[in-house]
Amino acid sequence: MTVQKQQRTSGSRTETRRRGSPRGSKWTPYLFLAPAAVFILVFQVVPLVQEIFLSFTRTSLLNPTHSTWVGLDNFSHIFGDKDFRRTLLTTFIYVIVCVVGAVGSGLAVALLLNKGFRGRGWARALVTIPWAAPGIAVALIATWMLNPDYGIVNRFLDAVGLGVPGGAILDSPTYALPAILATTIWQLFPFTSVVLLSALQSVPSDLTEAATVDGAGRWWTFRAVTWQVIKPTIGLLAILMTIWSLRRFELIWLMTKGGPVGATETLVIDLYSQAFDSKQLGSAAAIGMVGVVVSLIVVAGSRFVARAAEREAR
Amino acid sequence: MRPLRIGLTLRILGVLVVLGVAVFPLYWMIVTALSSNSDLFAAKARLVPDFSHFGVFIDALAEGKALGWLRNSLVIAVGTTVLSIGLGIPLGYALSRFSFWGKAVVTVLLLFTQMLPEALMVVPLFSLFRRFGLLDSLGGLILVNSAFVLPIVALILKGAIDGIPRALEESARVDGARPLTVLTRINVPLIAPSIAATAVIAFFHAWNEYVFAVTFIFTPGKQPASVGIANFIGELGTPIQTVMAVAFMFTLPAVVFYLFAQRHVVAGMTAGAVKG
């Protein structure tokens, strides 16, 4: 057996110990990761490369093996298209409201659950339910609750005098997007609140107590102590919610299919109907690439901001 | 002590409102499933379930295709769980314990693939599946679902293995154990709670998956429950009580398992999704 001398200790570890290699040759790590790597290569990387290629071609769903190279035509075409610019705008509204709504309501619920009271464990568990429920079931029950004739939402709104005329919320260009947003945030807030709750519990209580003893008001204590501790978690959740919202498909597709007249059409919905209704694989791929690039910009940008903030703090 | 009382009352009120909002849609699913037609379409809605109609759950299973759907979902979910964890443990181990050329690339790839929407990947995967004869098979769905849940599974398990002191492995190695033996005998038992959490994530990722299932499966008898239930939306033939009964049976396992595993699952999701 070869005793490996891997002295390339990563970072600045003071401790001298043999880094890495729990014995075996230098090929050992590759043996461990090979099966998974092949898997990700075949089912993620290769299809992604194909999709990138498709975005530079004109290809029909009916004859997908025959592609005509068109360069950047798909991109110039979609950005010149008024409907696509509207889709972009809808996507941004959807993502921003989801992030703000899910993180904001999550924080409110976490603060509510942070103080000890009897039955808190139960409350915490029950709050998880919306997040645990499958998206399909959520879309189904939301559609039923919003049913124009018999849905409980309309019955309630009518009873308090706020009824939408005709009651067809999901068929209304004005109310469909808010309804989808409400459903999305309803499904997300348990996740953000449970994550923020565990962040809140790491806030040192002697610090908040000290602040209170010094005569600080509640708001001041929150801003000076609590907020500082949970800020990284808020940032992390905002990134996660952004990525998830840019990917979200079935909830919107099953509730409105992007309608009425494009009022709820996000990038993912647009790309799916381009591919399967209009049978244009090329422009569908181009739309999808726009979404992926937006995700990448958000993640890279947030890292950049986080680094800058770290440097400033020093 | 007065202000404290008021604060407490407000807090309890707030908690009750939040719980109501969180639970109501599922509650409404049950109420709808257990309603009679006259209740459903009456001018005034019935707000409590009528348990004398409990038979709707049994009828939905006995009469319809629902039992077959749920069985298909179960096959896909179990297969995805086993495969993604089987691939994820060695990958997580390699990332945690070894330094090797290409490690950074693999890590970035695992984070990046989580940004790819299923709806984007469905077209190239469709042609891939056609070439390999994987269309219209539950096995094909197991493969693709495993690939999509694998990054998060591997990153969670890597984090769990990071938490095990190396000293435990060293003593086994002194005794001459090979790397694979070290992994299966020392690490795997110690990260069992994390494996359980990833199992819940992988299982319900596949249980809930819709886009690939609806695109790749043509034979009605092979449809999983997600597709079957989605087809109910906007369809008028099936009584809404049956629809809600099936949807409830589809939802219940996910809710129950997440209730038990929520702490681990949530911790894993945040750690695995963004760190690195």
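Reader: How are helix H9 and helix H10 of chain A oriented to each other, roughly parallel or roughly antiparallel?

Author: An axis is a line fitted to C-alpha atoms, for a helix over the stretch in contact, and the angle runs from 0 to 180 degrees between N-to-C directions. Angles under 35 degrees count as roughly parallel, over 145 as roughly antiparallel, 65 to 115 as roughly perpendicular and the rest as oblique. Helices (H or I, at least four residues) and strands (E, at least two) are DSSP runs, numbered from the N terminus. In this structure the axes of H9 (residues 205-213) and H10 (residues 218-247) of chain A come within 10 Å and cross at roughly 155 degrees. H9(A) and H10(A) are therefore roughly antiparallel to each other.

The structure is a predicted model, in which local features need pLDDT of at least 70 and side-chain atom pairs count only at pLDDT 80 or more, while totals for chains, interfaces and linings use all residues. Residues are numbered from 1 along each chain as its sequence is written, and chains are lettered from A and ligands numbered from 1 in the order in which they are written.

Reader: In which hand does H9(A) pass H10(A), and which residues make the contact?

Author: A crossing is left-handed if the near helix is turned anticlockwise from the far one by less than a right angle, and right-handed if clockwise. H9(A) passes H10(A) in a right-handed crossing. Two residues are in contact if their C-beta atoms, placed from the backbone, lie within 7 Å. Here A:Leu207, A:Thr208, A:Ala211 and A:Thr212 of H9(A) make the contact with A:Thr221, A:Ala224, A:Val225 and A:Thr226 of H10(A).

For classes, Ala, Val, Leu, Ile, Met, Phe, Trp, Tyr, Cys and Pro count as nonpolar, Asp, Glu, Lys and Arg as charged, and the others, Gly among them, as polar. The contact of H9(A) with H10(A) divides into four nonpolar, four polar and no charged residues.

Reader: How many residues of chain A are in contact with chain B?

Author: On chain A, 73 residues are in contact with 73 residues of chain B. Helix H1 of chain A (residues 28-54) gives the largest share of chain A's side, 16 residues. That side comprises 53 nonpolar, 13 polar and seven charged residues.

Reader: At what angle do H1(A) and H7(B) pack?

Author: Their axes are 9 Å apart and the angle is about 125 degrees. That makes H1(A) oblique to H7(B). The contact has nine nonpolar, one polar and no charged residues. H1(A) passes H7(B) in a left-handed crossing. On H1(A), A:Ala36, A:Phe39, A:Ile40, A:Phe43 and A:Gln44 meet B:Leu143, B:Val144, B:Ala147, B:Leu150 and B:Ala154 on H7(B).

Reader: Is A:Leu33 buried or exposed?

Author: A residue is buried if 20 or more other C-beta atoms lie within 10 Å of its own, exposed if 12 or fewer, and partly exposed in between, with C-beta atoms placed from the backbone. A:Leu33, found in helix H1 of chain A, is buried because 24 other C-beta atoms lie within 10 Å. Leaving aside neighbours within four places in sequence, A:Leu33 is in contact with B:Pro90, B:Leu91, B:Ala94 and B:Val106.

One of these partners, B:Leu91, lies in helix H4 (residues 66-97) of chain B. B:Leu91 counts as buried, with 28 C-beta neighbours inside 10 Å. With neighbours within four places in sequence left aside, B:Leu91 is in contact with A:Phe32, A:Leu33, A:Ala36 and B:Ala154.

Reader: Where is B:Leu116 placed, and which residues does B:Leu116 touch?

Author: B:Leu116 is in the loop between helix H5 (103-112) and helix H6 (118-131) of chain B. B:Leu116 is buried, with 21 other C-beta atoms within 10 Å. Not counting residues up to four places away in sequence, B:Leu116 touches A:Gln44, A:Leu48, A:Val292 and B:Met121.

Reader: How many residues has the largest nonpolar core?

Author: A nonpolar core is a set of buried Ala, Val, Leu, Ile, Met, Phe, Trp, Tyr and Cys residues joined through C-beta atoms within 7 Å. The largest here has 167 residues, and those with the most contacts inside it are A:Ile141, B:Val153, B:Ile229 and B:Ala247. Helix H7 of chain B (residues 138-162) supplies the largest share of this core, 16 residues.

Reader: How many helices and strands does chain B have?

Author: Chain B has 13 helices and zero strands. Of its 276 residues, 47% count as buried.
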